[in-house]
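These are my notebook entries on a structure that I had not examined before. I set down what I looked up, one topic at a time.

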Amino acid sequence: MSIIFFGRGKPGRMALVGAGFLLLGTTLSGCSRSNEASNRAPVDTSKIAGKINGDFIVKNAATSEEWPSYGLDYSETRFSKLSQISTDNVARLGLAWTYDLGSTRGVEATPLVVDGIMYVTASWSVVHAINVRTGKQLWTFDPQVPRSAGGKGCCDVVNRGVAVYEGKVFVGAFDGRLIALDAASGAKLWEEDTRLSPDSPATITGAPRVYKGKVIIGNGGAELGLRGYITAYDASSGKKLWRWFTVPGDPSKPFENKAMEAAAKTWDPSGRYWEAGGGGTVWNSMAFDPQLNLMYIGVGNGAPWSRNRRSPKGGDNLYLGSIVALNPDTGEYVWHYQETPGDNWDYTSTQDMILADMTVDGAPRKVILHAPKNGFFFVIDRTNGKFISAKNFVPVNWASGYDKAGRPIELPGVRSATPYEIIPGPFGGHNWHSMSFNPALGLAFIPAQHVPLSLADDPKWKYRSNIPGQPMSGIGWNTGSLLGGAATKAKPFGRLIAWDPVRQKQVWSQEQVSPWNGGTLTTAGNLVFQGTADGHFVAYDARNGHKMWESPVGSGVIAAPITYQIDGKQYVSIAVGWGGVFGESQRATDRSSPGTVYTFVIGGKAPLPQFGKYEQGELLSGVPYDKKDVAPGGALYVSNCLFCHGVPGVDKGGNLPNLGYAPREAIANLEAFVFEGAMAEQGMPDFKGKLTAEDVKKLKAFIQGTADSVRGQPAASAKPKK
Ligand SMILES: O=C(O)c1cc(C(=O)O)c2c(n1)C(=O)C(=O)c1cc(C(=O)O)[nH]c1-2
Ligand SMILES: [Ca+2]
């Protein structure tokens, strides 16, 4: 895989928004399949999900019969007590049914299953309710997210799933709306805009949680200049109950609360951090301890990424890169622990948190287990936020470890204007792909990875400066960092790691074909389930990592599997659909199918659906260009196209096409895509008023020129030398 290219621009990590595959030559066969009316099945809907409340979620944790909330239980363990499927019989696992989600972008949802109905989301926040006994559709709800919202997300038009509570289903739409649906019919009950203003860069990709009758949701958008916050709404009426900002706003205005006043002391106002939002979005993780009456949130990275730009005199920049405990009744701050002081590398702490009770140094402790992007595994006391231990679970080069007080010992040179290889890179040693924790074995299962990338602080950055060469600045990104200016030495990897949090030690690991593998599920049957980037769904022996079973699926997998029991039978389901920030421009399998839910059962005999095949076009040729336009075209490409489309002719294309393999007519007529474009309905931004016809001419030159230089060399050396 190639993430980096050199020479002509300042390239970088692959991400973002929409564009079209069909017109651009990479055909995705089979994507027009959809759920027909005949697919629907009658169900007694009178009592669906009415019983789901806090007591039920706590009680269900003792049996794991249903899967009523995102991480299975309030502790988000993803440890199922079901053991009918075990290491003894998992080899006989077979397909029960598949269900076509009718989507072509990333599918990140953890499905919920209650009362025999599965609630799962596809890309563009579309909700599907499926009768689990038959695999047939009960209803769907499409929030009709305007496709122009695609350009506001950093990382594909994804959704990680719904919450269910007292007969309602809650979904966060990508455009920032929080929507309540009737669980039986899918009818909309209420809708609230979680954004502070219509021009806000806030999106929603995460799954809401419901604690004590409150639907709680954060937003994505730090890359585009958001000030992070989290909001609670009344589950029955949608009334806003509280909102907690994660970073301080303009210090000339009154602070919202004491926590903001304290945080402001750790920011340097000479950087006018509030103008670029400051960041700290709560775009993924939450957990809840009903006994302590504390909820925990994982807080994201800085906006801009570069601390030198955001807070020039330094400072920890609270509460970036932190776990924060809040009172769920009021949204009041209780404590915080900062994992990455003064974040500089997109090191979010938004990775899933798991609450566990364990004996550490002979004493029982109530802890949070956490493996954030920064590559260290944390054990934190969840009663008071005190640091217990941290140890790196992947190679890291930004800190040598943590001192006794829980502060990282930062290494020199990791905040400089000279490009340096940062490990982990901004994709993280672990991203949002859910970790699970098996308390019976005392092991956490981490979908770990490395995606090589170099960073450099960008002294020329200003808020919303759209400058060629500044990554994605053409559509509003504000990293303050330049990417890819130095050769990277570390190899990319994907690795499933079994980690002992008490000893802070790896117990076993499995190497995978590529980074960007799915979340994990572990069970009392001594199993770990995980989907892989190369399109397999796999079961391992949780004790030693031996592969026990696998099935091919229609594309790479990024979401996490679930398990549940109905009519006395245990099922395992997984929502499959390649994408997310890495999967927009990269791939590890040629299989490419629409989003599909797969459900497995012992002795299942259903045939696998026909898989689609991603057809790579020919390397682009014959688009006329002027050589002198290639270099300026490269800088424009970096600031407008790179994170979605990857490096032309070098990357392979993910759920969005690589332009170096597009048909000649498409690139020759690039204007038709860039301005009020042919792919607008797929979510591609409109560059009218942002790029000129002359700019597009340069982009064509860069795309064709790069394809030509790739053709001149064997594939492996397509990465230019320094
Ligand atoms: O800072 C943010 O607001 C924010 C939001 C999101 C998101 O909402 O998906 C991601 C990230 N950051 C991010 O850094 C990241 O690596 C990432 C990966 C993904 C994904 O869905 O594949 N989302 C996000
Ligand atoms: Ca981010």
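I began with a term: a disulfide is a pair of cysteine sulfur atoms within 2.5 Å. I noted that this is a predicted model, in which local features need pLDDT of at least 70 and side-chain atom pairs count only at pLDDT 80 or more, while totals for chains, interfaces and linings use all residues. Residues are numbered from 1 along each chain as its sequence is written, chains are lettered from A and ligands numbered from 1 in the order in which they are written, and side-chain values use heavy atoms, with hydrogens and water left out.

**Entry on the cysteines**

I searched the whole structure and found 1 disulfide. Cys154 and Cys155 form this bond, with their sulfur atoms 2.1 Å apart. The torsion about the S-S bond of Cys154 and Cys155 is about -105°, so I recorded the disulfide as left-handed.

I then looked up Cys641, which is in no disulfide; its nearest cysteine sulfur, that of Cys644, is 8.2 Å away. Cys641 is buried, at a relative accessible area of 11%. Cys644 is likewise in no disulfide, and it is buried with a relative accessible area of 4%.

**Entry on ligand 1**

Which residues are closest to ligand 1? I found that 20 residues surround ligand 1 (a heavy atom within 4 Å), and the closest are Glu108, Thr205, Gly221, Thr281 and Lys373.

I next examined polar contacts, that is, pairs of N or O atoms within 3.5 Å; within protein, one must be able to donate a hydrogen and the other to accept it, and residues adjacent in sequence count only if both atoms are side-chain atoms. A polar side-chain atom of Arg160 lies 3.0 Å from an oxygen atom of ligand 1. The side chain of Asn431 has an N or O atom 3.0 Å from a ligand 1 oxygen, and for Trp432 the distance is 2.9 Å.

Definitions and conventions: Buried means under 20% relative accessible area, exposed over 50%, partly exposed in between (1.4 Å probe, protein chains only).
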